[in-house]
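Good morning, and thank you for coming. Please look at the sequence and the structure as I show them now.

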Amino acid sequence: MANASRQAAWEYWGAELKRRREESGLTQEALGRQVFVSGGYIGQFEQAIRKPQLDVALRIDEVLQTDGFFERTWRKLIDDQRYPDYFAAAAELERLATKINDFESMIVPGLLQTAAYTRAFMLAGNPLATEEYIEEKVRGRLDRAVILKDTTRPVYWAVLHEAVLRVPVGSPAVMVEQLEHIAQLARERKILLQVLPFAAGAYPVMGKSLRLMEFGDAPPTAYTEGAYSGNLLDDPAVVKWAQAAYDLVRAVALSPEASLALLESAAEDYRRCASTT
């Protein structure tokens, strides 16, 4: 995991530790005694200066009765290599989000991708990769999408630039399956979908993706991504700017009904192409 992304994730881990410790009415010294470290160590964990060992994370979960939160997050930060370094921290936070707003300018958001689309996209950037590598990346992408099937799934709102629909990734048949998958999620009211048409012209964060995440008991965050790089942002002023940029994009996008119709029209275009090849 890249240093910046790893540090941001550990800072979130520490902030959660402080919040839950204070909710339990424990001082750093009191919690330290119960998990067999000093109060100073607890303070360093909370400030992300020092990283805890797994046995400490397990004992923290036991004392604070956090249902394995600190163990699971620890394991993700230490062991999870399924995601690019710059995205790993954001991938962990999306599991905790109560609301996710995505904007994508060129590709289908990861949470909405089918296995075939993901495979084609990964192969485009890694044409000499082993099958094992590609399948690992596909599994990681599909594992993330499980959150949209949970009964406690977050509110998910996606704004896709029309280029996402028109630039083929894989064969026409792959695109038909992918667009139909998105349409089905929208029809089942599992996601809110809008499309930003070519006719809308210039828009904020051109050429990049933007994600906003809200949480039940933590400040919102923003995540921006370009080619082979990503930034997880939690500064309130920067997050406020990102929210304003997303609102501007959403304001000029098509309505959900018109967006679904455009998506289904694009799927039909690919279907005709598939039938002639």
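A word on the basis first. This is a predicted model, in which local features need pLDDT of at least 70 and side-chain atom pairs count only at pLDDT 80 or more, while totals for chains, interfaces and linings use all residues. Residues are numbered from 1 along each chain as its sequence is written, and side-chain values use heavy atoms, with hydrogens and water left out.

Let us begin with the helices. Helices (H or I, at least four residues) and strands (E, at least two) are DSSP runs, numbered from the N terminus. How do the axes of H7 and H8 cross? The axes of helix H7, residues 115–125, and helix H8, residues 131–145, come within 9 Å and cross at roughly 135°. H7 is therefore oblique to H8. Here, axes are lines fitted to C-alpha atoms, for helices over the stretch in contact, and angles run from 0 to 180 degrees between N-to-C directions. Angles under 35 degrees count as roughly parallel, over 145 as roughly antiparallel, 65 to 115 as roughly perpendicular, and the rest as oblique.

Which residues meet? From H7 come Ala115, Thr118, Arg119, Met122 and Leu123, and they meet Glu131, Ile134, Glu135, Lys137, Val138, Arg141 and Leu142 in H8. Contact means heavy atoms within 4.5 Å.

I turn now to Arg211, which is placed in strand S4, residues 209–214. Is Arg211 buried or exposed? Arg211 counts as buried because its relative accessibility is 5%. The term buried means under 20% relative accessible area, exposed means over 50%, and partly exposed lies in between (1.4 Å probe, protein chains only).

The side chain of Arg211 makes a polar contact of 2.4 Å with the side chain of Glu94, and another polar contact, of 2.7 Å, joins the side chains of Arg211 and Asp102. A polar contact is a pair of N or O atoms within 3.5 Å; within protein, one must be able to donate a hydrogen and the other to accept it, and residues adjacent in sequence count only if both atoms are side-chain atoms.

Finally, the loops. Asp67 lies between helix H4 (54–64) and helix H5 (69–79), and has a positive phi of about 55° although it is not a glycine. Asp67 counts as exposed, at 68% relative accessibility. Val205, in the loop between strand S3 (192–196) and S4, is also not a glycine, yet has a positive phi of about 50°. Val205 is buried, with a relative accessible area of 16%.

Thank you for your attention.
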